[in-house]
Amino acid sequence: MSTALGTDAGGVVFLGALSVNQEEDHNMIRKLLVVIAIMMLGVTAASAQSCQDVINTRQTLMKKSIAMARLAASMIKGDVPFDLAKTKEIFAAFANDASQLPSLFPECSKTGDHTRASAAIWEHPADFKARIAKFAADIKAAQDSTKDLDTFKAGFQSIGKNCNSCHETYRLAPS
Amino acid sequence: MRRLAIAAAAAIAACAVALWILTIPAVVPASALPHYVPGVENGRTMFNAGGCASCHAVPNEDPDKVDRTRLGGGLALKTPFGTFDVPNISPDPQDGIGRWSEANFVTALWKGTAPDGTNLYPEFPYTSFQYMRLDDVRDLFAYLKTLPPVPGKVRGHDLKFPFDIRRLVGLWKLLFLHGGPFVPDPSKSAQWNRGAYLVNGPAHCAECHSPRNALGAIIESERFAGGPSPDGNGWVPNITPAGLSHSPFGDFQWSEQDMTSFLGDDMTPSGDFAGAAMAEVIRNTSLLSHDDRAAMANYILSLPPRQGPAPPKKAE
């Protein structure tokens, strides 16, 4: 900021005032750029956050499913008594998986803490989607046909084949 | 100086001759095989226990679409030694094993030697098949001959020097192939012995579930204690009790019933499905009888607990 006072005071002051405004403009632009940069960082951080959230969500979903699968197996083995109401709960959990899975594998979630999702998911999106659809269909069929232990066993086995087949192609081996 | 040079040359020549003699591929002659009427049904059991289709069937991107009776080969197996091209073992007379004799087949599985007298690479796990009983090998051969002939030779292996020198496999065999047919342990039950036979012989579980040395041979003191996957993808778990109780699926005990049913449907006691490379193994073991799977389970759970190599630390 310069203030020059001289004999041509008005003109000089005017010139002085002009340069003051330019500097203020520059300052303002600078400030705006900094704010935009911070906002963009924030947005990126927020989406990185949500990508990890997606990974956590799908892993939590899977953990719930294995607990349900374990319950189903213990009923089928005869370790716990067969309970039709519990089978409905089990199928509902699997059906919840099938409905949520399609949205739980965005591009940004290919890598992240502890994810075992194979790159094959993003290389074969149509097949991945088709398998989820088959999973959903087999769950529905099992839900409709289960009325006793034997029909439950058959239904659960057909669902299990989907778990296994997806894990064969789309989940990485333990490392 | 000249005498030294001559002596050195003679020594080298003598070594080469000795090496040549020591690495003559062993063969089982037809005269060694008594008269025998093979059982095709048992042959099918050996085929399923052995998982032959998993390597030898014509590959498909969707593993559920593989026709397990068409053994035209072609699967590429990448290893630290190069890429192996799995051969055609369909009964095709030109491109498969249609012109092999029984003795040729026994020689291949027991001695790792091809009908033309050259060494087979131990990528074909004759280190395990050497334990198979003669009758089981002959039954398997009879079963293979009932499958459809599939025309087409495969490309051939693409191996790094010096592993592309087949004769050198003779050295490897000298060092690492000295089992011979399975000898039952009379102090153990018939079920245990059946399990030990299946696991160490046709099912060749140790070939994946053990760590290997720099020459690609199993480190015997850590047999079944897990190691890097031979297909380069991930880690194969330790299946001795030390490993099973801290498996990738969680810290819990496996009962014999758990292991028997796992071999039937790939479902772990924790409710997970192992998937990955194990799913393909289960495609074969699921075709075995409950008794055979229970025998394998009985044997596996009786293994002495062993620590294997630790898997590489994951970046957190």
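## The nonpolar core

A nonpolar core is a set of buried Ala, Val, Leu, Ile, Met, Phe, Trp, Tyr and Cys residues joined through C-beta atoms within 7 Å. In this predicted model, the largest such core holds 85 residues. B:Leu109, B:Val199 and B:Met296 touch the most other members.

Leaving aside residues up to four places away in sequence, B:Met296 touches B:Gly195, B:Leu198, B:Val199, B:Ala203 and B:Leu263.

## Helices α8 and α13 of chain B

B:Met296 is also one of the residues through which α13(B) meets α8(B). Helix α8 spans residues 190–200 of chain B, and helix α13 spans residues 290–301. Their axes come within 7 Å and cross at roughly 90°. Angles of 65 to 115 degrees count as roughly perpendicular, so α8(B) is roughly perpendicular to α13(B).

From α8(B), the contact uses B:Gln191, B:Trp192, B:Arg194, B:Gly195, B:Ala196, B:Leu198 and B:Val199. From α13(B) come B:Asp292, B:Ala294, B:Ala295, B:Met296, B:Asn298, B:Tyr299 and B:Ile300. By class, the residues of this contact are 9 nonpolar, 3 polar and 2 charged.

## Helix α6 of chain B

Helix α6 of chain B covers residues 134–144. Of its 11 residues, 9 are buried, so the helix is largely enclosed by the rest of the structure. The buried set is B:Asp136, B:Val137, B:Arg138, B:Asp139, B:Leu140, B:Phe141, B:Ala142, B:Tyr143 and B:Leu144.

What lies over these buried residues? The cover includes two helices of chain B, α2 (40–50) and α4 (102–111). B:Leu109, named above for its contacts within the core, falls in the range of α4(B).

## Chain A

Chain A has 5 helices and 0 strands. Its pattern along the sequence is α-α-α-α-α. The chain has 175 residues, and buried residues make up 21% of them.

Contacts in chain A also reach along the sequence. Among those between residues at least 6 apart, 65% join residues at least 24 apart.

## Where the chains meet

Chain B brings 21 residues into contact with 16 residues of chain A. On the chain B side, helix α12 (residues 276–285) gives the most, with 3 residues. The chain B residues that touch chain A divide into 10 nonpolar, 6 polar and 5 charged.

Terms used. Residues numbered from 1 in each chain as written. Chains lettered and ligands numbered in written order. Predicted model: local features only at pLDDT ≥ 70, side-chain atom pairs only at ≥ 80, totals over all residues. Buried ≥ 20, exposed ≤ 12 C-beta atoms within 10 Å, placed from the backbone. Contact = placed C-beta atoms within 7 Å. Helix = DSSP H or I, 4+ residues; strand = E, 2+ residues; numbered from the N terminus. Nonpolar A, V, L, I, M, F, W, Y, C, P; charged D, E, K, R; others polar. Axes fitted to C-alpha atoms, helices over the stretch in contact; angles between N-to-C directions. Parallel < 35°, antiparallel > 145°, perpendicular 65-115°, else oblique.
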